[in-house]
Amino acid sequence: MTDEEPKQTDMPALGDERAWVRAAARMWSRVCADPKRVVRGFIYACGLFVALDLLFLLPGFDKHAHYAWENGIGFYGVYGFVSCSLIYFISKRVVRPAVRREEDSHE
Amino acid sequence: MNSLPLPPGLILILGALLIPFLRGWAKSAYVVILSAVGFLNLICLTSSFAAGGEEEVIRWTFQFMDFELVFGRIDKFSLLFGHIFSLLAVVAFIFILHTRDDLEYISGMVYAGSALGVVFAGDLITLFVFWEMLTLCAVGCALARRTAEARGAAFRYLVFHVAGGVILMAGIVAHVVQTGSADVAEIGLDSPGGWLIFLGFGVNCAWPLLHTWLPDAYSKAGIGGVVFMATFTTKTAVYTLARTFPGEEKLIWIGVAMVILPLFWALIENDLRKTLAYCLINQVGFMVVGVGIGTDLALNGTGAHAYCHILYKALLFMSIGAVMYRTGKSKATELGGLFRSMPLTCLLCCIGAAASSFPFFGSFVAKSMIVSAAAESHHTVAWLALLFGAAGVFHLVGLKIPYFAFFSRDSGIRVKEAPTNMLIAMGIIAALCFTIALPVVDLPWMGYRYLYGMLPFELEHAYEPYTFAHINAQMLLLTSAALAFVLALLAGRYPAEVRAENLDIDVVYRRAGRAALRFLDLRLNAINATVKRMVVDGAVAKLARQCAAGPTWLVAQAMKSVWEAQRRDAETVAVKEADLFRRAKEGAVPIGGAALLAAALLAVLLAL
């Protein structure tokens, strides 16, 4: 953001739909220009929730876990990440090569 | 309760008969008002039921042969489903207010009425009649798009569901003959009738291998029709399974397969409505697992998740429908960057996406009950599968749908925002997705305690979704799923959206169908050709020729003796005989000669 365009950082008025769209477009173009910022954002978010998970090591905090592995720090984060990665891998490497055909091949 | 004139479903079904006679705005206003009357009727029914303080009320019964048909089995479970079905009907008609299409309006109205009919049916015969009406209305909703591919999908839908209906009917007959009871109650799998009913419900529930009608029809139906289809068919099947097979362990494994398998197809699917359809199967899988576990918590979770899932899935189908309405496209490769042109639709779609998983939205307070029930009943594999499905579906519904429709690369499409009626309908549902899960307030449609208050079973220990541990675990699951999505996109590991047809198990049915057709063509048509050659062209033709030539031959034999008596030589006799046959064929026998011959024949006959 440069000094020449200070108004772009202002919050648009609630009813000004066009201004909101312009603000969203600017934000999206910034994301596209530097997508690593988004990755960093998500890593920080994951870090925050893992840090909050550490609180359950303190006395007085209880997860009421049904399984022992739920008590592992960041279990849900690891499980979510691995699950999605597995879905990508199986879909891309196993399912797609087996089922992909030309569009409208049924017709 | 006695003041209620009609069962909730019949109000809509009978009211639908007037739709074709109305024109213009009157038609649009009528469908909204009629569905609103149906909803208000249901609210009155709920209030009367609550005031009565009974566990179950039976109303609107009729004697049919030896059976008592029950159109009103009213309890908390039927009211929960009736409530969301009636509510969704009103919003769906607001969404398609502008179309004024008789086929779509009538199909949608009778569809809603039939779904209510199934929910409140107290006997299997009534249930079956409304069940079949659901099929016909769904076909109407698919046909309302009026394209060749929609007609094909409607036909395949009809074949699937008529087959399922026949199986269900056979099961009901067998069950009634064996037990003498047609009540909608726990049936069990210890008889052939029970198995057939189980399978019949499974077709509508889109069980694995029986599911292909769902992505096929939902991706090709009209933009309003698909909202009705996504709301009523699978949810009535979940409801009937919960009524008749609660705690049936086989359902847990069927549900687990439904939760996991569709995710792989949803990820590589280019058509966003097909992606939503596969994700719908995934979420219905959660409900089927809940029915299979069968504890009070699991069945409450099933009901609550059906309620919330209907809301956010309708919102997502509506938002993609609005995109289709404006752009005519629903494929990820053809869309992108639409947040510039359709910002409100984009916002509402994002709310629908968030409602699939995030805390402070419906699904968070509902789906987690089923996951907790799986853990409490020590179904560890099912629990792991449900977590896997929860992460996967957030990635697909929560990230893929909004990303490829509204962000991604700019497709260059610049269109107007969705029509006002569509925005109002989507806005109502988006608000409900949020308000129904609010943690503090406790007002009608505000606060999860209102939702929990509608659930069928009183729990010994009240389920509390808003704990620090639950919120943190869910946020950890979602942010890590989102991180995987972003990393895969940036690293080029994400399966690229490509224009392609992804085969499903329906390829087996299609190929088997074509093979059967070829077999019948080769075998039956060969028999047909042989019969034609031997009978039609052979025996019958010969008989016809003999019948035609027979009298001439008789005459020729008679004349031969005359000609021989005249001492004609053999050659002359042959020429005359040939001439006789020619004249007979051409009808050129002299009249006098023919008359003489006839007289002679008569004389011979008289003499005999």
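Over which residues of chain A does pLDDT stay under 50? That happens over residues 1-8 of chain A, for which the model has 3 contacts beyond four places in sequence. Here pLDDT is the predictor's confidence in each residue, from 0 to 100, and two residues are in contact if their C-beta atoms, placed from the backbone, lie within 7 Å. Where pLDDT is low, the predicted coordinates should not be read in detail.

This is a predicted model, in which local features need pLDDT of at least 70 and side-chain atom pairs count only at pLDDT 80 or more, while totals for chains, interfaces and linings use all residues. Residues are numbered from 1 along each chain as its sequence is written, and chains are lettered from A and ligands numbered from 1 in the order in which they are written.

**Confidence and make-up**

The model scores ipTM 0.83 and pTM 0.85. Within chain A, helix 1 has the lowest confidence, with a mean of 78, and helix 3 the highest, at 91. Helices (H or I, at least four residues) and strands (E, at least two) are DSSP runs, numbered from the N terminus. A residue is called buried if 20 or more other C-beta atoms lie within 10 Å of its own, exposed if 12 or fewer, and partly exposed in between, with C-beta atoms placed from the backbone.

Here are the two chains, property by property.

| Property | Chain | Value |
|---|---|---|
| Mean pLDDT | Chain A | 80; 84% of the residues score at least 70 |
| Mean pLDDT | Chain B | 89; 99% of the residues score at least 70 |
| Secondary structure | Chain A | 3 helices and 1 strand |
| Secondary structure | Chain B | 21 helices and 3 strands |
| Buried residues | Chain A | 14% of 107 residues |
| Buried residues | Chain B | 50% of 608 residues |

Along its sequence, chain A follows the pattern α-α-α-β.

**The overall form of chain B**

Taken along the principal axes, the C-alpha atoms of chain B fill a box of roughly 130 × 60 × 55 Å. The radius of gyration of chain B is 34 Å, whereas a compact globule of 608 residues would have one near 25 Å. That radius is taken over C-alpha atoms, and the globule rule is 2.2 Å times the number of residues to the power 0.38. Among the contacts in chain B with a separation of 6 or more, 79% join residues 24 or more positions apart.

**Helices and a hairpin in chain B**

Let us start with helix 1 of chain B, residues 8-16. This helix is largely enclosed by the rest of the structure, because 7 of its 9 residues are buried. The buried ones are Pro8(B), Gly9(B), Ile11(B), Leu12(B), Ile13(B), Gly15(B) and Ala16(B). Their cover includes helix 2 (24-52), helix 3 (76-95), helix 4 (102-120) and helix 5 (124-143) of chain B.

Helix 9 of chain B (residues 225-244) is also largely enclosed, since 20 of its 20 residues are buried. At 1.5 Å a residue, its 20 residues should span 28 Å, which agrees with the 29 Å between its end C-alpha atoms. The expected span is 1.5 Å times one less than the number of residues.

Strand 1 (residues 57-64) and strand 2 (residues 67-74) of chain B pair in the antiparallel sense over 7 bridges; two strands pair if DSSP finds at least two bridges between them. In this pairing, Arg59(B) stands opposite Gly72(B). The two strands form a hairpin with 2 residues between them, and Met65(B) in the turn has a positive phi of about 50°.

**Where the chains meet**

The contact takes 46 residues from chain A and 42 residues from chain B. On the side of chain A that touches chain B, helix 1 (17-33), helix 2 (36-54), helix 3 (75-99) and strand 1 (100-101) of chain A each supply at least two residues. Helix 3 of chain A gives the most, with 16 residues. That side of chain A divides into 26 nonpolar, 10 polar and 10 charged residues. Ala, Val, Leu, Ile, Met, Phe, Trp, Tyr, Cys and Pro count as nonpolar, Asp, Glu, Lys and Arg as charged, and the others, Gly among them, as polar.

Strand 1 of chain A also pairs with strand 3 (residues 501-502) of chain B, in the antiparallel sense over 2 bridges. There, Arg101(A) stands opposite Glu501(B).

Ala482(B) is found in helix 18 (residues 468-490) of chain B. Ala482(B) is buried, with 23 other C-beta atoms within 10 Å. Leaving aside neighbours within four places in sequence, Ala482(B) is in contact with Phe42(A) and Leu399(B).
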